[in-house]
Amino acid sequence: MIHSIERLRTGDTRQQEAYKTILQLNILNDLQHYHPVLCGTYPLAIFVEYSDLDIILQAFHLDRLESDIRRFYSGFSDFSIKRKRIRDQEVIKANFQFHTFMFELFGQKQAVDQQNAYLRMVIEDHILKQNPTFKREVIRLKQEGMNTEACFCKLLRLEGDPFEQLLLYGKQTGIIG
Amino acid sequence: MKIKTYTSVYEKSWLECRVLAFLDTAYYDNVFRKKEQYDNPAIELVAIKDDRIIGLIDVEYESEPNSVCTGNNNKCGGMIWHLAVHPDYQRQGIAWQLLKKVETIALEKGLAYLEVWTRDDPWVLNWYKRNGFTPIHSYLHVFLGGNQEVMNLASKLPDLQPVQAWAHYTGENEEMIRSAFQRVHRCTGFIKKVIENDSFY
């Protein structure tokens with residue numbers, strides 16, 4: 001398991017700022033029943049200035065999660081929440097701003113360590129450890145507007161849908177089971 | 001940095017940001033002295049830092065298909081008329097943030113696609129391609145200046161002599177146009193379907 005919050009605590013200035021913001025928001029306690037895990041670019045230190053803080057959640061009762069999210073965060077600026085279906089699963093997505101960070105919360109039935117966002121973070125972390133020079137390149141490509149997965153696929157010369165290709169790469173190389 | 005809806009309080013800062021952002025582009029002389037207003041509803045967003053505009057995007061959108069866009073689509077779209085980032089803040093993902101926000105609002109408004117037209121700055125064309133825009137059509141913007149070039153123009157009004165002009169060329173003979181005129185830009189139209197990207201999850 002990647003201890004993503006711990007990585008922020010010991011990371012660079014912006015990561016530490018993100019860490020303090022998450023603690024101040026108290027989201028890890030308020031939503032603890034949903035096993036919140038920070039994913040995305042901050043734990044891997046490949047964020048750009050305005051990257052979101054992505055927090056994934058496991059929720060068997062989406063009504064309850066929606067009600068909790070509204071209760072805690074609907075007062076924040078740019079708050080929005082949506083229920084929808086992704087790959088035949090009912091999910092919840094919520095966004096809001098707190099301090100200088102945009103948060104994106106995503107909840108579904110699946111365990112957080114089985115969710116695609118988490119699996120891709122594990123794969124990207126592994127790739128970065130094997131190829132330390134990729135970090136600077138990923139950030140550069142992201143600053144030019146490319147999404148994280150597309151950056152990795154470009155550097156690894158993987159073609160096709162970057163979100164699927166990166167997962168496939170992780171499976172084929174044994175990074176994920 | 002915060003992304004907000006434009007209000008007229010920011011007009012001066014909006015104009016300054018736009019003119020500085022365009023200095024290094026093929027639109028360097030496309031200077032506005034007043035912020036553009038639209039006949040149709042518009043999504044007008046600004047990126048603000050220290051109470052100063054560092055990025056902007058304007059999208060005029062349709063209530064009736066094909067009333068603003070040329071996407072030849074039966075669905076309503078939005079035309080990006082202005083997208084600019086202050087030179088001091090470029091390459092930090094601000095344009096991407098503005099576009100992302102516009103796409104969220106466009107989805108809520110039920111727009112099917114975004115359209116944009118831009119001249120031939122390679123980094124601008126690449127930015128649109130990288131951000132999921134597909135080229136649909138292009139033609140030439142031709143600037144006429146100097147005696148030799150404006151010779152091609154005639155005025156129907158007595159004693160009115162054209163000195164400068166700019167024109168659209170939609171014909172096939174690009175070589176002829178480029179050899180006859182010094183300043184020629186290819187203007188390319190792009191569209192991007194507005195769909196919610198849930199691939200991350």
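How many residue pairs are in polar contact between chain A and chain B? In this predicted model, the count is four residue pairs, with both residues at pLDDT 80 or more. On the side of chain A that touches chain B, the elements giving two or more residues are the strands β2 (53-58), β3 (80-86), β4 (89-98) and β5 (101-108), together with the helices α5 (116-130) and α6 (134-143). Sorted by class, that side of chain A holds 13 charged, seven nonpolar and six polar residues.

In total, 26 residues of chain A are in contact with 20 residues of chain B. The two chains, A and B, bury about 2,300 Å² between them, and carbon and sulfur atoms account for 46% of that area. The interface of chain A and chain B also has two salt bridges. One salt bridge pairs Asp78(A) with Lys101(B), where the closest N and O atoms are 3.7 Å apart.

Now to the cysteines. How many disulfides does a search of the whole structure find? Over all chains, the search finds zero. Two cysteines illustrate this:

| Cysteine | Nearest cysteine sulfur | Sulfur distance | Relative accessible area |
|---|---|---|---|
| Cys151(A) | Cys153(A) | 9.3 Å | 0% |
| Cys76(B) | Cys69(B) | 8.8 Å | 17% |

How values were computed: Residues are numbered from 1 along each chain as its sequence is written. Chains are lettered from A and ligands numbered from 1 in the order in which they are written. This is a predicted model: local features need pLDDT of at least 70, side-chain atom pairs count only at pLDDT 80 or more; totals for chains, interfaces and linings use all residues. Side-chain values use heavy atoms; hydrogens and water are left out. Contact means heavy atoms within 4.5 Å. Buried area is the accessible area (1.4 Å probe) that two parts lose on being put together, summed over both. A salt bridge is a side-chain nitrogen of Lys or Arg within 4 Å of a carboxyl oxygen of Asp or Glu. A polar contact is a pair of N or O atoms within 3.5 Å; within protein, one must be able to donate a hydrogen and the other to accept it, and residues adjacent in sequence count only if both atoms are side-chain atoms. Helices (H or I, at least four residues) and strands (E, at least two) are DSSP runs, numbered from the N terminus. Ala, Val, Leu, Ile, Met, Phe, Trp, Tyr, Cys and Pro count as nonpolar, Asp, Glu, Lys and Arg as charged, and the others, Gly among them, as polar. A disulfide is a pair of cysteine sulfur atoms within 2.5 Å. Buried means under 20% relative accessible area, exposed over 50%, partly exposed in between (1.4 Å probe, protein chains only).
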